[in-house]
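Welcome, and thanks for taking a look at this model. Please keep the viewer open as you read.

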Amino acid sequence: VPRASNTMSQGVGGDGGAFGDNALEGLGRNSKVWVSVSTAEDAEEMYQEATVLTLGDKNATVKIASTGAEATVPLSKLFPANPAILEGAEDLTQLSYLNEPSILHDLHTRYGGDDIYTRAGPVLIAVNPFKRVNLYTEQHMSDYRRGVAKDPHVYLIATAAYDEMVKAGRNQAIIISGESGAGKTETTKIAMQYLAQVGGGSGIEGRILQTNPILEAFGNAKTLRNNNSSRFGKLIDINFDRAGKITGAVIKTYLLEKSRVTAQAEGERGYHVFYQLCMGATPQEREEFNILKNVGDYKYMSNSACVAIQGVNDALEYRELKTALGAVGISKEDIHEIFRVVASVMWLGNVSFVEDEDGDNAAAVSCTGKEALETSAKLLGTTPEMLEKSLVTRKIIAGGESITQRLNAVQAADGRDALAKAIYAALFEWLVVQINASFAKEKGYALT
């Protein structure tokens with residue numbers, strides 16, 4: 001927020017305090033301020049509302065509003081508070097004092113009334129409500145499209161971008177950023193749904209929206225802070241004609257978190273699609289892919305004790321995923337092969353290794369890992385012998401000669417994990433290419 005940064009930087013004095021040379025003007029006894037204090041010994045400092053009792057050159061004596069206690073604090077821990085009339089302002093630029101505690105207090109006040117959106121000039125701040133809020137109905141869409149509603153909202157940002165694109169003929173960009181759990185994924189979907197409503201009519205907008213469950217299934221996972229955290233970056237270009245109607249889209253993805261395929265922190269899950277396949281596979285798929293009934297029987301999915309998400313029906317989402325894949329133009333045959341590959345990755349994690357008994361520490365697939373090896377090989381379209389050889393040996397080219405080196409059990413396990421991650425990443429990239437090709441093919445565009 002540029003104005004916030006400028007205001008706060010201007011308020012820093014030569015001693016590093018909260019006030020600059022002129023920041024104390026108008027403040028004195030009974031002035032309302034924020035003070036940064038510790039609530040308990042060794043506790044993290046928090047902002048507390050307070051009233052100034054005395055104001056010196058270096059320190060101030062204040063009365064803490066919540067406790068009534070008096071405290072002497074350095075000016076560096078003091079920030080002027082806004083008058084009550086500005087409490088809960090919908091635009092932070094309306095505040096008289098734009099410092100950190102004032103911004104946080106304004107957001108907190110609005111959040112308490114389910115006003116999760118606040119403006120900062122052209123920037124929209126969204127605070128994740130972690131619950132359903134009645135802000136995204138068709139009536140809301142209509143009100144913002146007609147200019148009736150002016151409250152801060154994703155729809156307001158999308159309307160401004162759409163109108164500027166149509167009227168000025170210039171490309172527009174909506175940047176959605178924030179920390180994990182802030183609500184970036186949901187905000188992106190809300191903006192896309194609004195643009196589909198405003199620029200729809202050709203039918204392609206519905207297919208564009210169907211990319212959301214696909215990308216979420218293969219690229220999102222439960223983390224400690226978020227049940228549906230995107231583990232990759234994406235750029236979605238939605239194309240419009242001169243009349244403002246959607247004609248196509250191009251999706252670009254970045255930096256998929258491949259390590260999540262094989263390992264997760266306690267309390268987290270791997271990518272949703274693994275659990276969806278386990279819970280929602282048809283009897284035919286379950287037999288052909290040899291899907292185990294217990295999710296925890298797969299090593300890659302049992303690194304964490306978390307295999308389910310409260311309130312989420314993985315079996316239902318699996319069916320919705322298959323519907324979405326078909327909607328974006330992927331054939332039934334290809335959909336079948338997609339889940340064959342997913343199953344092969346799940347089974348690869350169960351391939352375990354032991355050291356040979358000949359004393360050279362060379363690895364071999366263990367007896368308990370034989371079934372996983374055979375199943376993985378079948379699903380990948382190769383033989384168990386070829387797959388085992390690729391996992392327990394490494395080929396090195398030196399001096400123009402090819403040397404085959406035997407690996408130990410630890411090295412073989414690392415190679416297995418690397419293979420699983422490479423297969424999954426290639427599948428993810430292939431999916432994005434197929435989605436983009438489908439949109440381009442329908443409108444006769446060439447991918448660039």
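What follows is a short tour from the whole chain down to single residues.

## Ground rules

This is a predicted model, in which local features need pLDDT of at least 70 and side-chain atom pairs count only at pLDDT 80 or more, while totals for chains, interfaces and linings use all residues. Residues are numbered from 1 along each chain as its sequence is written, and side-chain values use heavy atoms, with hydrogens and water left out.

## Overall dimensions

Let us start with the whole protein. The model contains 14 helices and 15 strands; these are DSSP runs numbered from the N terminus, with helices being H or I over at least four residues and strands being E over at least two. Along the principal axes, the C-alpha atoms occupy a box of roughly 85 × 65 × 50 Å.

How does the radius of gyration compare with that of a compact globule of 448 residues? The protein has 29 Å, whereas such a globule would have a value near 22 Å. The radius is taken over C-alpha atoms, and the globule rule is 2.2 Å times the number of residues to the power 0.38.

## Surface, contacts and charge

Of the 448 residues, 44% are buried. Here buried means under 20% relative accessible area, exposed means over 50%, and partly exposed lies in between, using a 1.4 Å probe and protein chains only. The accessible surface comes to about 23700 Å², with 51% of it belonging to carbon and sulfur atoms. These areas come from the Shrake-Rupley method with a 1.4 Å probe, and for residues only the protein chains shown count as cover.

Contacts (heavy atoms within 4.5 Å) can also be sorted by sequence separation. Among those between residues at least 6 apart in sequence, 54% join residues at least 24 apart. As for charge, there are 45 positive and 55 negative side chains, and the centres of the two sets lie 5 Å apart. Lys and Arg count as positive and Asp and Glu as negative, with His and the chain ends not counted; each charge is placed at NZ of Lys, CZ of Arg, CG of Asp or CD of Glu.

The buried set is Thr-211, Asn-212, Ile-214, Leu-215, Glu-216, Ala-217, Phe-218 and Gly-219.

Helix H8 is also mostly covered, with eight of its nine residues buried.

## The cysteines

How many disulfides are there? The count is zero, where a disulfide is a pair of cysteine sulfur atoms within 2.5 Å. Cys-278 is buried at 1% relative accessibility, and Cys-306 is buried with a relative accessible area of 13%.

Cys-306 sits in the loop between H9 and H10. Not counting residues up to four places away in sequence, Cys-306 touches Lys-222, Gly-267, Glu-268 and Arg-269. Lys-222 is 84 residues from Cys-306 in sequence, yet their C-alpha atoms are 9.0 Å apart in space.

## Backbone exceptions

Most residues other than glycine have a negative phi. Leu-255 is not a glycine, but has a positive phi of about 55°. This residue is in the loop between strand S11 (246-254) and helix H8 (272-280), and Leu-255 is exposed at 80% relative accessibility.

Asn-290, also not a glycine, has a positive phi of about 55°. Its loop runs between helix H9 (283-288) and helix H10 (314-327), and Asn-290 is partly exposed at 27% relative accessibility.

Ala-69 lies in the loop between strand S3 (59-64) and strand S4 (70-74) and is partly exposed at 37% relative accessibility. Leaving aside neighbours within four places in sequence, Ala-69 is in contact with Val-62, Lys-63 and Ile-64.

Val-433 belongs to helix H14 (residues 409-443) and is partly exposed, at 46% relative accessibility. Val-433 and Gly-88 are 345 residues apart along the chain, and their C-alpha atoms are separated by 46 Å.
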